[in-house]
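Visitor: Can you walk me through this one? I'd like to start with the loops, then move to the packing.

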Amino acid sequence: LDAFARVQDRFERAIAHEREFVANLGHEIRTPLAALRTDLELLESGAPADSPQRARLQRALASVDAVTASLEAARRLSARRRAPAQTIDLAACVDDAWASLQALRGAGALRFANEVPPGTRVAADRHALLTILRNLFRNAVEHAAPARCTVRFAAGRIEVIDDGPGIAPQDLPFVFDRFFRSREDGSSLGIGLTIVKRLVERLGGTISVFSREGRGTRFSLRFPVGG
C-alpha cells in the first residue's frame, strides 16, 4: 500500500506540473499574439477593399485566432473540470473552422461543402469544437486532397466525410495514436487526430472512423448533449 501511495503521489505531482506548464506557456504566448493581432487589424483596416493584401491579412488574422483557440483548448484539456457547454450555431462554427485554414498549403485542392442546415444549434464548448474541426479538416487537406470534404449533422452526430484515397485497413486502428506512421506509405499523422480524440473525450463525447481504401473516410462525432 505504501508503494502504491508513493507511485500515486508522483503521478499526481507530474500531472500538477504539466498543468502549471501549460498555464505558464499559454500566458507567455497570449501576450505577443494579442499584440500581433492588433497590428494585423490596423494593417487590414488600411488595405484596399477586395485587394490581395487585404485577403492575406484576413487569413493571417484567422491564423492568429486559430492559435489562440488551440491554446484555450490545451488549457481546458489540462483543467480538472470540464468547461460548461454553450449553445452555438454549428453551421457557423464549421464555416469559421474551414475559413481559418485557407492559408494552409494544399487547402485549395480540397473542395469543401458545409451541409449543416443553417441555424442548427448544439450545446458544446465552441473553442474545443473549433479545434476538433480544424484538425479534422487539416487532416483531410494533408492526407485526402485532392478530394471533396463534406460536413453533415444528423441524428445528433457531426460527420466529416471525404472521398479521398481512404486509410489502409492495417493503419485504421492506430490513426488516433500520437505520431503514428503509416505502415502503407510511411507517412506520419502527427498529433492532430490525437488532439481530436482527447478533446472529444474531454467533452464527454465519442469519435469513430470508418474508411475503405479508394473510397474515402468518415469521422463521426457524438456528444452527450445536443441542440
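Guide: One term to begin with: buried means under 20% relative accessible area, exposed over 50%, and partly exposed in between, with a 1.4 Å probe and protein chains only. This is a predicted model, where local features need pLDDT of at least 70, side-chain atom pairs count only at pLDDT 80 or more, and totals for chains, interfaces and linings use all residues. Residues are numbered from 1 along each chain as its sequence is written, and side-chain values use heavy atoms, with hydrogens and water left out.

Visitor: OK. Is D50 buried or exposed?

Guide: Exposed, because the relative accessible area of D50 is 81%. D50 sits in the loop between α1 (2–46) and α2 (52–78). Helices (H or I, at least four residues) and strands (E, at least two) are DSSP runs, numbered from the N terminus.

Visitor: What is phi of D50 near?

Guide: Near 65°, a positive value in a residue other than glycine. Most residues other than glycine have a negative phi.

Visitor: Which loop holds A155?

Guide: The one between β4 and β5. Phi of A155 is positive too, near 50°. A155 counts as exposed because its relative accessible area is 59%.

Visitor: And the peptide bond from A145 to P146, cis or trans?

Guide: Cis, with omega near 0°. P146 is in the loop between α4 and β4. Most peptide bonds are trans.

Visitor: Switching to the sheet. What is the strand order?

Guide: β2-β4-β5-β7-β6, an open sheet of five strands with mixed pairing. Two strands pair if DSSP finds at least two bridges between them. β2 (110–114) and β6 are the edge strands, each pairing on one side only. From one strand to the next, the twist averages 15°.

Visitor: How many bridges link β5 and β7?

Guide: Six, in the antiparallel sense, between residues 157–162 of β5 and residues 216–222 of β7. Within that pair, E159 stands opposite S220 in β7.

Visitor: Which strands does α4 touch?

Guide: β2, β4 (147–154), β5 and β7. Contact means heavy atoms within 4.5 Å. The direction of α4 makes about 20° with that of β5. α5 packs on the sheet as well, touching β6 and β7, and its direction makes about 140° with that of β6. Axes are lines fitted to C-alpha atoms, for helices over the stretch in contact, and angles run from 0 to 180 degrees between N-to-C directions.

Visitor: How far apart are the axes of α4 and α5?

Guide: 9 Å, and the two helices, residues 126–143 and 192–202, pack at an angle of about 150°. So α4 is roughly antiparallel to α5. The cut-offs: under 35 degrees is roughly parallel, over 145 roughly antiparallel, 65 to 115 roughly perpendicular and the rest oblique.

Visitor: Which residues make that contact?

Guide: From α4, A128, T131, I132, N135, L136 and N139. From α5, G192, L193, I195, V196, L199 and V200. Eight are nonpolar, four polar and none charged. Here Ala, Val, Leu, Ile, Met, Phe, Trp, Tyr, Cys and Pro count as nonpolar, Asp, Glu, Lys and Arg as charged, and the others, Gly among them, as polar.

Visitor: Last one: where is G205 found?

Guide: In the loop between α5 and β6 (206–212). G205 counts as buried because its relative accessibility is 9%.

Visitor: What does G205 touch?

Guide: V200, R222, F223 and P224, leaving aside residues up to four places away in sequence. G205 and R222 are 17 residues apart in sequence, and 5.5 Å apart in space, C-alpha to C-alpha.
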